Amino acid sequence: MFIFITVLQVLLGGFFLFTGSKIISGKMANEFKRFGLPSFFNVLTGSFEIVGAAGMIVGIWMPVAAILAGLLLAGTMLAGALTLIVLAKDPIQKAIPALILFILSLIVSMYHFF
């Protein structure tokens, strides 16, 4: 199980580093406008993802970092999924990737917590 969680942390860390950088750069600004959110949400969301990505990687050696990063990323992904469904009124299928990332982030947190 340790190897699976470690690989999951590396994958999540890489993924969120990539997407967080993309969000901060403004490449997804139109999505945030579509949701009716102010522009500072780009920086806020991107920062959460980059900090969470770093926490996932550091968490390989310091479990408390993985717990906190997992919770931060899970919360971010849950908020993203709800934003797609409630604010954007998108079909629930569009929220599935965010919900999967929510679950995977929680799995990392729960593994290191228990």
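At roughly what angle do the axes of helix 1 (residues 2-24) and helix 3 (residues 40-58) cross? The legends below take up this crossing along with other views of the predicted model.

**View 1. Helix 1 and helix 3 cross at roughly 160°.** The axes of helix 1 (residues 2-24) and helix 3 (residues 40-58) come within 8 Å. Because angles over 145 degrees count as roughly antiparallel, helix 1 is roughly antiparallel to helix 3. The crossing of these two helices is left-handed.

**View 2. Residues in the contact of helix 1 with helix 3.** Helix 1 contributes Gln9, Val10, Leu12, Gly13, Phe16, Leu17, Thr19, Gly20, Ser21, Ile23 and Ile24. From helix 3 come Asn42, Val43, Thr45, Gly46, Ser47, Glu49, Ile50, Ala53, Met56 and Ile57. Sorted by class, this contact holds eleven nonpolar, nine polar and one charged residues.

**View 3. Helix 4 and helix 5 cross at roughly 160°.** Here the axes of helix 4 (residues 63-87) and helix 5 (residues 96-113) come within 8 Å. The angle makes helix 4 roughly antiparallel to helix 5. Helix 4 passes helix 5 in a left-handed crossing.

**View 4. Residues in the contact of helix 4 with helix 5.** On helix 4, the contact is made by Pro63, Ala66, Ile67, Gly70, Leu71, Leu73, Ala74, Met77, Leu78 and Ala81. On helix 5, Ala98, Leu99, Leu101, Phe102, Ser105, Leu106, Val108, Ser109, His112 and Phe113 take part. The residues of this contact divide into 16 nonpolar, four polar and no charged.

**View 5. The chain as a whole has five helices and zero strands.** Along the sequence, the pattern is α-α-α-α-α. The C-alpha atoms fill a box of roughly 40 × 25 × 15 Å along the principal axes. A compact globule with 114 residues would have a radius of gyration near 13 Å, and the chain, at 14 Å, agrees with this.

**View 6. Confidence along the predicted chain averages a pLDDT of 96.** Of the residues, 100% score at least 70. Confidence is lowest in helix 2 (residues 29-34), where the mean is 90. Helix 5 has the highest confidence, at 98.

Note on methods:
Residues are numbered from 1 along each chain as its sequence is written. This is a predicted model: local features need pLDDT of at least 70, side-chain atom pairs count only at pLDDT 80 or more; totals for chains, interfaces and linings use all residues. Side-chain values use heavy atoms; hydrogens and water are left out. Axes are lines fitted to C-alpha atoms, for helices over the stretch in contact, and angles run from 0 to 180 degrees between N-to-C directions. Helices (H or I, at least four residues) and strands (E, at least two) are DSSP runs, numbered from the N terminus. Angles under 35 degrees count as roughly parallel, over 145 as roughly antiparallel, 65 to 115 as roughly perpendicular and the rest as oblique. A crossing is left-handed if the near helix is turned anticlockwise from the far one by less than a right angle, and right-handed if clockwise. Contact means heavy atoms within 4.5 Å. Ala, Val, Leu, Ile, Met, Phe, Trp, Tyr, Cys and Pro count as nonpolar, Asp, Glu, Lys and Arg as charged, and the others, Gly among them, as polar. pLDDT is the predictor's confidence in each residue, from 0 to 100. The radius of gyration is taken over C-alpha atoms; the globule rule is 2.2 Å times the number of residues to the power 0.38.
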